[in-house]
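Here are my notes for your review. Please read them with the model open beside you.

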Amino acid sequence: NRRFLLVRRPAGTPVEQDFQLVETPVPAAPEGGMVVRNHFISLDPAQRGWMDDAPSYMPPIALGDAVRATTVGVVHESRNPDFAAGDWVLGLNAIEDFSVVLPGGFTSAIDISVVDSPSRYLSAVGAVGLTAYFGLLEVGQPQAGETVLVTGAAGAVGSMVGQIAKIKGARVIGIAGGADKCRRLVQDYGFDVAIDYKGKTESELSAEIAAAAPDGVHVVFENVGGTVMEAVAHNLAQRARVVLCGLISEYNAGERVGLRNLWQIIVKQATIHGFLIAGYVNRFAEGGAQVAQWIGEGKLRVDEDIQQGIDNAFPAFMRLFSGANTGKLVLQIA
Ligand code: NDP
């Protein structure tokens, strides 16, 4: 049982020495629990936050523990009457070959016959797809004809947000890093306008957004924060809704600066609404069914970036911060 441990809290950008891959015996299922063989591991920006000893919506990963992760796998041994060996499951586990699931631990059965790959439960019909779906539609509530702006637009969540906004009849602007991602925003995901944020100052970026949205932006789906968010704040329409989903530009920063031009929120009478997908778990079936239907109808394209092997866990994870990932980043270990 290979396990990818957090052995030191990263200071800023994680380095390989913060982690250790160890070999341990395959665990036995505890009374009322089970052991899951992980096949696909979700690599998420959120994991970076869980590595810090800071107040959050979940306790930090303890030093010496395997790095917490959402995984898709197969029940290896079960002493839980609701699951049998061989069942495919989704759960909050860790980057390791085998995970012990305690009684009451978060695990749900998944039907892999309805998807082309079990990894879809980590992307399209998993937390990523549902973040895009509920964050945009429940919080952002775009109306047909409005302008929606998405940051981190070429990523897993962002690319789905933009496409769902288009399905709802909005005009969609995406901000992403680099010419290739910007080309993909328009060609692959159907965004109306793509803006490359790399190497640009706040005022340069703000001017490009103003040119793309002369009447302002009605809904912002914010994944990035920092300079990008500040440039967007100058371009809000009156009573704009900002869905605050992520602040990835700050995750490796020692200091969190937030929005330095917060004043723009007053000027525009805008609303910033913090969003956590955890608040929607009881509506996953509803959201998953709608997302699956759009995919079936060819209206929604969901890309995955599948990296191979637990010994690649560190470089694979770092793709999120270099921007190397093209689609939902997943580590396949079986
Ligand atoms: P992505 O697939 O979007 O991958 C991360 C992307 O972030 C990279 O590809 C890169 O794209 C961009 N990025 C990395 N560093 C920076 C930086 N310093 N400045 C600007 N952009 C950067 O990941 P996800 O779709 O999984 O997550 C996207 C966001 O959604 C994250 O902020 C995450 O925390 C958040 N999230 C929040 C949830 C919630 O419940 N609130 C649930 C799930 C995700 P580029 O090349 O364009 O720079």
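1. In which strand does Glu304 lie? Glu304 lies in strand 14, residues 304–308. Strands (E, at least two residues) and helices (H or I, at least four) are DSSP runs, numbered from the N terminus. Glu304 counts as buried because 20 C-beta neighbours fall inside 10 Å. The cut-offs are these: buried means 20 or more other C-beta atoms within 10 Å of the residue's own, exposed means 12 or fewer, and partly exposed is in between, with C-beta atoms placed from the backbone.

2. A word on the basis. This is a predicted model, in which local features need pLDDT of at least 70, side-chain atom pairs count only at pLDDT 80 or more, and totals for chains, interfaces and linings use all residues. Residues are numbered from 1 along each chain as its sequence is written.

3. Back to the surroundings of Glu304. Leaving out residues up to four places away in sequence, Glu304 touches Ser119, Ser123, Gly327, Lys328 and Val330. Contact here means C-beta atoms, placed from the backbone, within 7 Å. Take Val330: Glu304 and Val330 are 26 residues apart in sequence, yet 7.1 Å apart in space, C-alpha to C-alpha.

4. Now Met34, in strand 3. Met34 has 26 C-beta neighbours inside 10 Å, so Met34 counts as buried. Beyond its neighbours within four places in sequence, its contacts are Ala29, Val75, Glu77, Ser78, Arg79, Asn80, Phe83 and Val101. Met34 and Pro81 are separated by 47 residues in sequence and by 9.8 Å in space, C-alpha to C-alpha.

5. Strand 3 (residues 34–42) pairs with strand 4 in the antiparallel sense over seven bridges. Two strands pair if DSSP finds at least two bridges between them. Asn38 has Gly73 of strand 4 as its bridge partner. Strand 5 (residues 88–94) also pairs with strand 4 in the antiparallel sense, over seven bridges. Strand 4 is mostly covered, with eight of its eleven residues buried.

6. Six strands run in the order 10-9-8-11-12-13, with parallel pairing. Strand 10 (193–196) and strand 13 (271–274) stand at the edges with a single partner strand each, so one side of each has no neighbour in the sheet. The twist averages 15° from one strand to the next. Within this sheet, strand 8 (residues 147–151) and strand 9 (residues 171–176) pair in the parallel sense over five bridges. Thr151 stands opposite Ile175 of strand 9.

7. What does helix 6 touch on the sheet? Helix 6 packs against strand 8, strand 9, strand 11 (217–222) and strand 12 (236–244). Its direction makes about 165° with that of strand 8. Axes are lines fitted to C-alpha atoms, for helices over the stretch in contact, and angles run from 0 to 180 degrees between N-to-C directions.

8. Helix 5 (residues 202–212) packs on helix 6 (residues 226–233) at an angle of about 45°, with the axes 8 Å apart. That makes helix 5 oblique to helix 6. Angles under 35 degrees count as roughly parallel, over 145 as roughly antiparallel, 65 to 115 as roughly perpendicular, and the rest as oblique. Helix 5 contributes Glu202, Leu205, Ser206 and Ile209; helix 6 contributes Thr227, Val228, Glu230, Ala231 and Val232. The residues of this contact divide into five nonpolar, two polar and two charged. Ala, Val, Leu, Ile, Met, Phe, Trp, Tyr, Cys and Pro count as nonpolar, Asp, Glu, Lys and Arg as charged, and the others, Gly among them, as polar.

9. Helix 2 (residues 127–140) and helix 3 (residues 156–167) pack at about 45°, axes 8 Å apart. The two are therefore oblique to each other. Val128, Gly129, Thr131, Ala132, Tyr133, Leu136 and Leu137 of helix 2 meet Ala156, Val157, Met160, Val161, Ile164 and Ala165 of helix 3. This contact has eleven nonpolar residues, two polar and no charged.

10. Helix 2 also meets helix 9 (residues 284–296): the axes come within 10 Å and cross at roughly 95°. Helix 2 and helix 9 are therefore roughly perpendicular to each other. Gly129, Leu130, Tyr133 and Phe134 of helix 2 make the contact with Phe284, Gly287, Gly288, Gln290 and Val291 of helix 9. These divide into five nonpolar, four polar and no charged.

Key:
Two residues are in contact if their C-beta atoms, placed from the backbone, lie within 7 Å.
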